[in-house]
Structures are given as structure tokens and as C-alpha cells.
Amino acid sequence: MKIRKILPEDNQAIKEIIQTSILEHGAPKIGTAYSDAATQAMYEQYQKPRRTYYVVEIDGVVVGGAGIAPLDNYNGNVSELQKMYFKPQARGKGYGKKLMMTCLERAKEFKFESVYLETMDNMYDAQGLYKHVGFKLLDGPLGDTGHFSCPVQMLLKS
């Protein structure tokens, strides 16, 4: 298993992983990462300041990814853990935790005060992982990511 920064040639693989995972969990296409403009061009989206997207590669095949970026439409020094999705065969092996810890370390390097995330209410394994590393449930969203179909919001203070 290898964690590395996204490359332009990873765009299609990551887009398919994100969109397939969202549909697999019965989430809507609208109001989730499925329809984000960023999902269409992930490499390009993460070339902006204080942003990094990583992919997980196994035997040369991209099986998942996650990124860190400033929280959209929020007045404060808060980052967002973004678009953390994996192919089914890569889940439950500890890759998610390693990737998330890589993203959280990057958020510290960028000097963000906290890390925010949004997820679906039926993504139980992901929520368990987030809680395990210290994320706390919020009563509502911060900022405006456009993910109005994601009912669960969490925050990790640095």
C-alpha cells in the first residue's frame, strides 16, 4: 500500500471511486460529492494553496483517496477532510486510518485550527473511524460546502 499525492492521470479513477461509493451507500447525486465540480477534476482542484489530495495505490492501482483543504464559505481557520472514499476491496484493512492520519498531519502543517467533515448517516464504519481519532458530532454544518444532502457533520480540534 502506497499513499501519494494525486496526479492528473488519477482523475478518472478517483471520480469513479467517489461516485460509485456514493451510489453504493444510497446517497443522492445532488448535494453530495457526486456532483461537485471538483470531483470532475480532482488534480486541478488540489493545486490551489493549502490543499492536498492523496491517493492510495495497491500494486499500481488507485483504490481510494482523501484530501485536506480550507473549509468553503467559512470565516475561520478551519480545514475540511474531503472526499475520503475507497473501493470495497480496500475497506477494513486500515488504509483509511493511515490516509486520514496523513491528511490530519497535513492540516497541522498548513496550521489549520481544526478539521471539519461531512458524511452520510449510514456510513457507520467511516463515522466509527472519525470518532476513534477524536472527531465530535456537531449540531449542524459549518460553512457551505454545497453538500446539503450530508446530514452528519463532525469536527476535530487541533
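Let me start with helix H4, which gives the most to the lining of the second largest pocket, with five residues. Helices here are DSSP runs of H or I with at least four residues, strands are E runs of at least two, and numbering starts at the N terminus. This is a predicted model, where local features need pLDDT of at least 70, side-chain atom pairs count only at pLDDT 80 or more, and totals for chains, interfaces and linings use all residues. Residues are numbered from 1 along each chain as its sequence is written, and side-chain values use heavy atoms, without hydrogens and water.

Back to that pocket. About 150 Å³ of space lies in it. Its lining includes Met101, Leu104, Val133 and Ser158. H4 and E7 are the elements that give two or more residues to this lining. By class, six lining residues are nonpolar, one is polar and three are charged. Nonpolar covers Ala, Val, Leu, Ile, Met, Phe, Trp, Tyr, Cys and Pro; charged covers Asp, Glu, Lys and Arg; the others, Gly among them, are polar.

How do we define a pocket? On a 1 Å grid over the protein atoms alone, a pocket is an open set of points where a 1.4 Å probe fits, with protein on both sides within 12 Å along at least five of seven lines; lining residues have an atom within 4 Å of a point. Points join across faces, edges and corners, and the volume is the space filled by probe spheres set on them.

Now the largest pocket. Its volume is about 690 Å³. It is lined by 35 residues, and Met84, Tyr85, Phe86, Ala126 and Tyr130 lie nearest its centre. Helix H1 (11-24), E4, H4, E5 and H5 each give two or more residues to this lining. Which element gives the largest share? E4 does, with seven residues. The classes are 17 nonpolar, 10 polar and eight charged.

Next, the cores. A nonpolar core is a set of buried Ala, Val, Leu, Ile, Met, Phe, Trp, Tyr and Cys residues joined through side-chain atoms within 4.5 Å. Buried means under 20% relative accessible area, exposed over 50%, and partly exposed in between, using a 1.4 Å probe and protein chains only. The largest core has 25 residues; Leu81, Met84, Phe86, Met100, Val115, Tyr130 and Phe135 touch the most other members. H4 supplies the largest share of this core, six residues. Take Met100. Beyond its neighbours within four places in sequence, Met100 is in contact with Leu81, Met84, Leu129, Tyr130, Val133 and Phe135. Contact means heavy atoms within 4.5 Å. A second, separate core of 18 residues includes Ile18, Val55, Tyr85 and Met120.

Asn11 lies in helix H1. Is Asn11 buried or exposed? It is buried, at 13% relative accessible area. Leaving aside neighbours within four places, Asn11 is in contact with Ile6, Ala41, Met42, Tyr43 and Glu44. Asp59 sits in the loop between E2 and E3. Its phi is near 50°, a positive value in a residue other than glycine. Asp59 counts as exposed, at 79% relative accessibility. Lys111 is in the loop between H4 and E5. Lys111 is not a glycine, yet its phi is positive, about 65°. Lys111 is exposed, with a relative accessible area of 64%.
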